[in-house]
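Q: I'd like to learn how to read packing in a protein model. Can we walk through one together?

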Amino acid sequence: MSFPAEAASSRMLGASNVTEGPPGSNLVLQPAWDYLRQNHHDLLRSPLFPVVLSVSTYFFLVGVYTTLDLLAPVWPGLNRYRLHPDRPVTWSGIGTTLGVTIYNHLLYIFPSAVGQWLWRPPTPLPRQAPTLWEFSLGILGCMMVFDFQYYLWHLLHHRIPWLYRTFHAVHHEYRRPFSLVTQYLSGWELVSVGFWVTVDPVLLRCHCLTTWGFMLFNVYVSTEDHCGYDFPWSMHNLVPFGLWGGAPKHDAHHRWPATNFAPFFSHWDQLLGTHMVPPTSEHSCDSDAKE
């Protein structure tokens, strides 16, 4: 699950969400928003800004995780957080996944960025920042909508053999994912998932700052889901009651593909019978298409 929403500046309408927040919540983001508008006005209005923001964030995150992958075999304190400490990430795997990622960016992301730059009007920057309440609810709303959309898309691409073989199978070549597997995708998956990340903030009439926040959060969660680590600060360890999916459950999805389809939360999987808590033992999965 994984497109970084390069096309995602949406036509941000400048209108804040209608929900009012607690008193004083409008003071939190306004100074930062004023600074950004006054000092980086042209950059923020550029149709290329969301492309640069999302792509640079993605490569920064996978760069950090890949460095950890290469250090883990000789750093026992780090290796104990890996979901598969006995299966180190190889240079061959890094090269293959990075090659597909670069290919997809050149073939799909770069042309779409050029198209936005040529034909899209500059992004309007409203004077008023969203309140912290509006910002948080906007991101949560986008997450809930995207979570449902991707659950259905993902489920269909596993239940319909032609869709799986034609579009989604490439992502499952790695049964024990690492961060660069995040965008080891077919072009159709890249474009279709990115479409929802682009459209959802428009449907919810999010402030552009909220839209960019959702973009960054989506990139972060997608990368964390595939990273292969179970850190104490990982999202699934911070969200209570097992409501979050996270890296262990998505890792289980790659090994047992009929489970854990949702990208963020676990409620759709629990309600529709596709939820699985991964076993702690490594003995349940013997062979891998790729390591």
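Predicted model: local features only at pLDDT ≥ 70, side-chain atom pairs only at ≥ 80, totals over all residues.

Q: Which residues touch the most other members of the largest nonpolar core?

A: The general idea: in soluble globular proteins, nonpolar side chains tend to be buried together. Here the largest nonpolar core has 28 residues, and Trp 33, Met 143, Phe 146, Trp 212, Phe 214, Trp 244 and Phe 264 touch the most other members. Two or more residues each come from α1, α3, α6, α8 and α9, with α6 giving the largest share, seven residues. There's also a second, separate core of 11 residues, including Ile 94, Phe 178, Val 181 and Val 219.

Q: How many helices and strands are there in the protein?

A: You'll find 12 helices and zero strands. Of the 291 residues, 51% count as buried.

Q: At what angle do α3 and α5 pack?

A: Angles over 145 degrees count as roughly antiparallel. Helix α3 (residues 49-71) and helix α5 (residues 91-119) pack at about 175 degrees, with axes 12 Å apart, so the two are roughly antiparallel to each other.

Q: And which residues in α3 and α5 meet?

A: Among them are Val 51, Tyr 58, Phe 59 and Leu 70 in α3, and Trp 91, Leu 98, His 105 and Gln 116 in α5. By class, this contact has 10 nonpolar, four polar and no charged residues.

Key. Residues numbered from 1 in each chain as written. Heavy atoms only, no water. Axes fitted to C-alpha atoms, helices over the stretch in contact; angles between N-to-C directions. Helix = DSSP H or I, 4+ residues; strand = E, 2+ residues; numbered from the N terminus. Parallel < 35°, antiparallel > 145°, perpendicular 65-115°, else oblique. Contact = heavy atoms within 4.5 Å. Nonpolar A, V, L, I, M, F, W, Y, C, P; charged D, E, K, R; others polar. Buried < 20%, exposed > 50% of the residue type's maximum accessible area, 1.4 Å probe, protein only. Core = buried A, V, L, I, M, F, W, Y, C linked by side-chain atoms within 4.5 Å.
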